[in-house]
Amino acid sequence: MLLKAVNDEGWGSGYPVTYSRSLTFVLTHDCPWHCSYCGFRTDAEGLLSEAKLERLLAEAAGQGAKEALLISGERPDSLPPIRGELERRGFSDFWDFANHVADRCAEAGFFPHGNFGRMGEGELARIRPHFVSMGMMLESAEDHLQMAPEKKAAGRVAGIKAAGRAGVAFTSGILVGWGESQTSRLKSLETLAELHAEHGQLQEILIQRYVPNEGSRWPVGKAPTLAEYEEMMMRWKEWAPGVAIQIPPNLEPRWPELLPWLDDLGGISWAKDEVNPTSPWERVEFYVEKCRDAGRELVERLPIYESHISERWLAPAWLPRGLAFRAEVTA
Ligand code: SF4
């Protein structure tokens, strides 16, 4: 009964599941904030060097990646050592550096997607010509000061709104399994759907399970039950039809059971998950098999979704490359 309804809506059984073959470029782990669940941040690591950037580009080319995922701590250039390094290396600020790395990725044939935490509209407009899409998790529509003392939901909401106004295709999502209630998960998803309603910037949302890593201080909570996942996914499809749902399969081992509602498996890499290094991915063939067992075909996508390959969301230099990829996969 449910699967028939799913098919009538154009998703679920019989429809493809997507993923992106990606390599992560950590611009810096340095971050001024202290989220207690984070296993990513450092205090004084410095910026990605040019030598490492070139090594990563060669590796990505050798492994056939299409997406270059560029990430960092939030507002790293509020830290004096990072500001000093930017100046020494000839960059006016962190966005200048991020655009430089994105341009090298583009020259090497990759599609850059960025996630640098909260950004303002002017910053997003500045970065837009260099990236095909950006992302930032909402995590929760409520503040949780013990867990993330400096992160405010209002700031995240403002950042996602700003992406809509700046014409930046966006990925966001919620974090689950850290002690939240189902009511709070649904409220956070509803907030994301409301944010999407005005400008249509969301191309996908993640329902991302919290997995502690080395350095994480927040205890793991109860993961959603399968029935709770189903409720979240069904409600999301009502609230924001056409906006894909991603569940990272390296963080949620029950993902095959969620395939009736799932649209996307996110970035899959041969290299380590830089944000969740204790949760490696399997080889892509493993996911292909599991999807096939459930009657779904796993197909590759770009970090910019097909729904957003248009002048509205892509800078002029990117549009022909996005359209060419779409023509290639639909040929
Ligand atoms: S989760 Fe992000 S903002 Fe929070 S400490 Fe880690 S890197 Fe910084």
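Helices α7 and α8 run roughly parallel to each other, where angles under 35 degrees count as roughly parallel, over 145 as roughly antiparallel, 65 to 115 as roughly perpendicular and the rest as oblique. Their axes come within 10 Å and cross at roughly 20°, helix α8 comprising residues 226-239. Axes are lines fitted to C-alpha atoms, for helices over the stretch in contact, and angles run from 0 to 180 degrees between N-to-C directions. The crossing of α7 and α8 is right-handed; a crossing is termed right-handed if the near helix is turned clockwise from the far one by less than a right angle, and left-handed if anticlockwise. On the α7 side the contact is made by Q182, R185, L186, L189, E190 and A193, and on the α8 side by E228, M232, R235, W236 and W239. Residues are taken to be in contact if their C-beta atoms, placed from the backbone, lie within 7 Å. By class, six residues of the contact of α7 with α8 are nonpolar, one is polar and four are charged. Here Ala, Val, Leu, Ile, Met, Phe, Trp, Tyr, Cys and Pro count as nonpolar, Asp, Glu, Lys and Arg as charged, and the others, Gly among them, as polar.

The structure is a predicted model, in which local features need pLDDT of at least 70 and side-chain atom pairs count only at pLDDT 80 or more, while totals for chains, interfaces and linings use all residues. Residues are numbered from 1 along each chain as its sequence is written. Helices (H or I, at least four residues) and strands (E, at least two) are DSSP runs, numbered from the N terminus.

Helix α7 (residues 182-199) also packs against helix α6 (residues 153-166), at an angle of about 20° and with the axes 9 Å apart. The pair α6 and α7 is therefore roughly parallel, and its crossing is right-handed. From α6, the residues V157, I160, K161, G164 and R165 meet T191, L195, E198 and H199 of α7. The residues of this contact of α6 with α7 divide into three nonpolar, three polar and three charged.

H196 lies in helix α7 and counts as buried, with 21 C-beta neighbours inside 10 Å. A residue is buried if 20 or more other C-beta atoms lie within 10 Å of its own, exposed if 12 or fewer, and partly exposed in between, with C-beta atoms placed from the backbone. Although 44 residues separate H196 and A240 along the chain, their C-alpha atoms are separated by 7.5 Å. Apart from neighbours within four places in sequence, H196 is in contact with Q201, L202, A240 and V243. A197, likewise placed in helix α7, counts as exposed, with 12 C-beta neighbours inside 10 Å. The C-alpha atoms of A197 and A240 are 7.7 Å apart, at a sequence separation of 43 residues.

The largest nonpolar core has 85 residues, and those with the most contacts inside it are A68, L70 and A98. The largest share of this core, six residues, comes from helix α4 (residues 94-107). A nonpolar core is a set of buried Ala, Val, Leu, Ile, Met, Phe, Trp, Tyr and Cys residues joined through C-beta atoms within 7 Å. Leaving aside neighbours within four places in sequence, A68 is in contact with L23, F25, A60, C105, F110, F111 and P112. In soluble globular proteins, nonpolar side chains tend to be buried together.

Two non-glycine residues in loops have a positive phi. For R75 the angle is about 50°; R75 lies in the loop between β2 (67-72) and α3 (80-88) and is partly exposed, with 17 other C-beta atoms within 10 Å. For E139 the angle is about 70°. E139 is found in the loop between β4 (133-135) and α6 and counts as buried, with 25 C-beta neighbours inside 10 Å.

I309 is found in the loop between β9 (298-300) and α10 (319-330), and is buried, with 22 other C-beta atoms within 10 Å. Residues up to four places away in sequence aside, I309 touches I304, L314, G322, L323 and R326. V284, in helix α9 (residues 284-293), is partly exposed, with 17 other C-beta atoms within 10 Å. V284 and T225 are 59 residues apart in sequence and 26 Å apart in space, C-alpha to C-alpha.

Terms used: Contact = placed C-beta atoms within 7 Å.
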